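Please keep the structure at hand while reading.

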Amino acid sequence: MSIQESLLGADQRLGENEDIEKDIEVESNHEFITHDGTVDYKGRPASKTRTGGWRIATYICAMEVTEKIASTGAQVNLVTYLTLEKKLQLPYAANMVTNFMGTSFLFSLLGGVLADSFLGRFHTLIGAAITEMLGFLIMMMTTMLPFLNNQDQDCRDPLNCRAVHGDGLVAIYIGLYFIALGVGGIKATSAPFGADQFEAGDPAEASLLPSFFNWFYWAMTVGAILSGSILVYVQDRVGWDWGYGILLVLMAVALCQLLLRLRNYRYRVPKRSPLFTVATVLVAAVRNYNLPPLAGTEVSEYYDEMQSRGEQRIPLHTTSMRWLDKAAKSNGVLVEKMSPWKRAPISDVEDVKMLLRLLPVWLFTIFYWTVLAQATTFAVAQIETSDRHLGPNFEVPAGSVGSTVFNFTILLFLPLYERLFVPFARKLTGNSKGITVLQRIGIGMASPVLAMMVAAMVESKRLRLVEQTYDQNVPNSVLPFSVWWFVPQYVIMAIGEAFVYPGQLDFFYSEAPDSMQSLGTALLYCTISVGFFSSSAIVSLVNAITKSGIDQGWLQKDVNTSRLDKYYWLLCILAFFNFIVYLLVSSFHHYKQVRRSIDIVYAAQGASSESSKLLSQVCSEVTHKSPRTQS
């Protein structure tokens with residue numbers, strides 16, 4: 001072989017090696033940026049090494065601790081503030097609390113729509129935090145300004161005092177619903193914003209999502225414990241002005257925490273309104289009802305179109321709810337000339353299908369929260385009549401008993417679930433989560449049945465003691481009934497919530513369409529909202545049915561003359577039937593199916609795990625044999 005031919009062959013091999021290195025560089029770039037549509041603070045595809053992951057998710061969990069201290073401080077002892085400080089009657093105050101908490105969760109729908117459609121999760125979080133701060137400022141003024149304290153403050157008979165009214169009552173409502181608006185916005189966006197720090201299309205990062213939801217909820221519990229113990233004590237013993245002032249400062253701290261890591265977050269760019277998507281698909285499906293189903297060629301064209309548009313995650317076409325597929329029929333007309341109200345993209349149709357699949361599970365998880373609402377209203381009133389002394393000199397505030405037991409149970413149980421139960425269940429089931437998310441929720445849905453059974457028996461015991469010792473002239477007298485009798489029902493509901501709440505977070509985020517995940521998460525909080533509202537409705541309905549000419553009904557102003565035991569048995573029966581229906585509904589659920597665009601490219605090129613190994617081998621050869629490397 002001549003020297004000229006040798007040089008020519010070397011040049012050809014060098015060119016081939018350079019082409020291979022370029023392919024490897026492209027592959028490497030794909031490896032280190034996200035492919036789920038998230039971007040960095042400059043709007044570029046987010047780098048996996050500089051943004052997101054557990055490092056930033058841990059920081060978001062820490063911020064959630066601070067925010068949860070503040071938001072829980074506004075809720076957990078509110079019935080005490082309204083009855084003892086503002087002299088409102090217990091049924092009215094109980095409905096105020098449940099309506100406030102229900103509205104705060106309902107506002108998460110507004111926060112979800114704003115985050116998904118207009119502002120993005122981060123900016124919605126900022127606005128919600130500022131709104132909540134304004135609410136705390138107003139509530140602090142209701143404790144300090146004389147004209148807002150127009151209740152009969154010197155009255156010693158809580159059943160016959162003049163309660164706060166006029167401007168004072170209006171100010172309380174305004175402050176509470178500013179707080180509710182802020183809480184709703186934060187709830188709809190904080191967990192999804194944290195989940196955005198893990199790429200859903202990367203199996204390694206996606207497998208961390210259930211753990212993130214567990215630890216995010218654990219962080220919420222830490223905040224709730226600190227709020228339910230320290231802050232409740234400050235409110236009861238130091239003063240409500242200090243109590244609400246501290247909540248205001250804590251929200252400011254949470255806001256600063258959120259702003260400190262702007263450069264390290266992964267952001268999801270908001271798209272058009274999910275409400276518009278749902279409306280256009282439903283209208284187009286009705287208009288095209290007489291057209292034939294989608295053909296296979298139309299589905300293939302959909303995949304090609306989504307890939308050409310650079311969509312990173314493509315919803316797979318499914319055969320369920322085929323009547324909605326007709327919304328994507330063009331009937332021979334050019335798609336570009338058709339109104340979205342006459343023809344919707346297949347991707348929008350599949351998004352609406354995903355959203356509709358959430359609704360049956362959503363509907364039959366509501367009742368768990370209906371039962372839990374009792375822990376913040378009537379249960380607190382029951383505890384106020386019990387012996388709450390721990391030692392001779394310390395009495396536990398009634399508002400902090402349930403929350404402290406409840407939250408400490410979750411604080412201890414969640415790490416056991418994460419470290420012991422999940423690995424054990426994983427070996428049995430082969431599921432990376434241990435059990436499916438719907439199985440997890442189902443276990444929690446059984447807890448209200450047992451908890452209400454225990455609560456009814458404890459209340460029957462307490463009422464037998466009331467018959468022996470109760471004096472109507474001293475309605476606030478303490479019974480010789482230990483506060484420890486109320487602990488088991490809180491423990492049972494807490495273990496149930498450790499299954500239900502993180503399970504719902506995972507389910508409504510992961511199963512919602514990628515463009516509607518804030519709205520999906522908001523559906524979780526709507527179950528809580530409707531649960532609290534339905535609790536108020538059940539209270540009113542039970543009172544209306546059980547009242548007679550002489551009997552004042554099961555639920556009265558004075559907890560000692562009420563029949564909460566019968567009320568709890570009623571809730572137990574309703575919870576049992578709800579649990580059975582949930583099992584039936586969840587067994588028919590079809591999980592979300594999404595394919596990454598990059599996977600479609602690899603499939604089209606015949607790429608597989610074996611070809612990836614081959615590419616790595618070529619990379620090794622280039623590194624060791626390239627003339628340029630040797631030189």
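## Briefing

There are 13 salt bridges in the structure. The model is predicted. It also holds 32 aromatic pairs.

**Salt bridges**

- Side chains of opposite charge can pair when their charged atoms come close.
- Lys353 and Glu350 form a salt bridge, with 3.3 Å between the closest N and O atoms. Because the two are three residues apart in helix H11 (residues 346-363), about one helical turn separates Lys353 from Glu350. Both Lys353 and Glu350 are buried.
- Lys433 and Asp506 meet through their side chains in a salt bridge of 3.2 Å, N to O. Lys433 lies in the loop between helix H14 (398-429) and helix H15 (437-445), while Asp506 belongs to helix H17 (residues 487-510), so this pair ties together parts 73 residues apart in sequence. Lys433 is partly exposed at a relative accessible area of 28%, whereas Asp506 is buried at 6%.
- Asp565 pairs with Arg563 in a salt bridge whose closest N and O atoms are 2.7 Å apart. Asp565 counts as buried because its relative accessibility is 7%, under the 20% limit. Arg563, with a relative accessible area of 33%, is partly exposed.
- A network of salt bridges links Asp116, Arg121, Asp196 and Arg268.

**Aromatic pairs and cluster**

- A pair of aromatic rings is described by the distance of the centres and the angle of the planes.
- Among the 32 aromatic pairs is that of Tyr173 and Tyr177, which is stacked because the planes lie at 10 degrees, with the ring centres 6.3 Å apart. Tyr173 and Tyr177 are four residues apart in helix H5, and therefore about one helical turn separates them. Tyr173 is partly exposed, at 28% relative accessible area, and Tyr177 is also partly exposed, at 24% relative accessibility.
- Phe421 and Phe499 make an edge-to-face aromatic pair, 6.3 Å from centre to centre and with 85 degrees between the planes. This pair links distant parts of the chain, since Phe421 is in helix H14 and Phe499 in helix H17, 78 residues apart. Phe421 counts as partly exposed at 31% relative accessibility, while Phe499 is buried with a relative accessible area of 8%.
- One aromatic cluster is made of Trp54, Phe198, Phe212, Phe213, Phe216 and Tyr509.

**Charges over rings**

- Arg261 has its charged end over the ring of Tyr59, 5.3 Å from the ring's centre.
- Lys326 sits over the face of Tyr289, 5.0 Å from the ring centre.

**Nonpolar surface patch**

- Ile130, Leu134, Leu137, Met141, Val170, Ile174 and Phe178 make up a nonpolar patch on the surface, and together they have about 550 Å² of accessible area. Helix H4 (90-144) and helix H5 (167-195) are the elements that give two or more residues to this patch.
- H4 supplies the largest share of the nonpolar patch, four residues.
- Val170, one of the patch residues, is found in helix H5. Val170 counts as partly exposed because its relative accessibility is 47%.

**A buried loop residue**

- Ser562 lies in the loop between helix H18 (517-546) and helix H19 (564-586). With a relative accessibility of 4%, Ser562 counts as buried.
- Not counting residues up to four places away in sequence, Ser562 touches Leu463, Trp554, Leu555 and Gln556.

Key: Residues numbered from 1 in each chain as written. Predicted model: local features only at pLDDT ≥ 70, side-chain atom pairs only at ≥ 80, totals over all residues. Heavy atoms only, no water. Buried < 20%, exposed > 50% of the residue type's maximum accessible area, 1.4 Å probe, protein only. Contact = heavy atoms within 4.5 Å. Patch = residues over 30% accessible without salt bridge, like charges linked within 9 Å, V, L, I, M, F, W, Y side chains within 5 Å. Areas by Shrake-Rupley, 256 points an atom, 1.4 Å probe, with all protein chains shown as cover. Salt bridge = Lys/Arg side-chain N within 4 Å of Asp/Glu carboxyl O. Phe/Tyr/Trp six-rings, centres within 6.5 Å; stacked < 30°, edge-to-face > 60°. Lys NZ or Arg CZ within 6 Å of the ring centre and 35° of its normal.
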